[in-house]
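Hi,

Here's the structure I promised to pass along.

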Amino acid sequence: MELGMRARCCQLPPNTNQRPPTATRFGAWPRSSHLAVLRGRPWRIAAPESRPLETICANSIGQGTKLRGDKYFPVEMTVRDCELDQYGVVNNAVYADYIEKAREEVASRLGISRCSIASTGKAMALSELKLNYFAPLKRGARFVVKVRVVQIKGARMFVEHLVETLPERKLVLEATATVVCLNKDYRPTRVFPEVASKVLDFFSS
């Protein structure tokens, strides 16, 4: 397995007239050609600052509300045989799927409906993902993906993920993701108020 793999989802295709589909998963780009409006320019959402990310800046949605640094949303899973590589451990690429599923579960439990967002022509998309591996998961292993939103800033939500074995709680992976909100023209827009309010209610209480 490669250590410290950095998956950048922000290199965009050349300009095209094709409009992306409106139905997107929480924190995932549409899978076809997309974002013609960016006109072929590489688009990179800056990572959050290196200081502890427990506050929302005063000029963002939330008006300076503090987020708890110790509150995670846990989602338990089990390794399936189809997720193993030739070495008998979970393939590196599978972890991105694990944490995406966990984010979608969090969104569902918080009452954030991606269908409702898509019906308005808007979307939520993953612009950057960084994975750091510490230990492998093997066949049949039980594990938990812990998710927390650490900062909301403008159009972006910064999300932290921890993958730990069960019941030992051995750290397997750390991941940070940047989720960006897009308007009907698929341009970055401030985090949707209905999303921000539900995220803040849970992660700041």
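Start with Phe143, which is found in strand S4 (residues 142-153). Keep in mind that this is a predicted model. Phe143 has 0% relative accessibility, so it counts as buried. Leaving aside residues up to four places away in sequence, its contacts include Val75, Met77, Tyr98, Leu137, Val163 and Leu166. Glu168 is 25 residues from Phe143 along the chain, with 9.2 Å between the C-alpha atoms.

Zooming out, the protein has 3 helices and 6 strands, running β-β-α-α-β-β-β-β-α along the sequence. Of its 205 residues, 47% count as buried. For contacts between residues at least 6 apart in sequence, 72% join residues at least 24 apart.

Now the rings: there are 5 aromatic pairs in the structure. Phe73 and Phe202 make a tilted one, 5.6 Å centre to centre with 50° between the planes. Phe73 is in strand S2 (residues 73-78) and Phe202 in helix H3 (residues 193-203), so this pair ties together parts 129 residues apart in sequence. Phe73 is buried at 7% relative accessible area, whereas Phe202, at 21%, counts as partly exposed.

Tyr95 and Tyr133 are edge-to-face, because their planes sit at 70°, with the ring centres 5.4 Å apart. That pair links helix H1 (residues 94-109) to strand S3 (residues 123-133). Ring pairs also bring Phe143 back in, joining Tyr95, Tyr98, Tyr133 and Phe143 into a cluster.

Two lysines worth a look: the charged end of Lys122 sits over the Phe192 ring, 4.6 Å from its centre, and Lys146 lies over the face of Tyr72, 4.9 Å from the ring centre.

Cheers

Definitions and conventions:
Residues numbered from 1 in each chain as written. Predicted model: local features only at pLDDT ≥ 70, side-chain atom pairs only at ≥ 80, totals over all residues. Heavy atoms only, no water. Helix = DSSP H or I, 4+ residues; strand = E, 2+ residues; numbered from the N terminus. Buried < 20%, exposed > 50% of the residue type's maximum accessible area, 1.4 Å probe, protein only. Contact = heavy atoms within 4.5 Å. Phe/Tyr/Trp six-rings, centres within 6.5 Å; stacked < 30°, edge-to-face > 60°. Lys NZ or Arg CZ within 6 Å of the ring centre and 35° of its normal.
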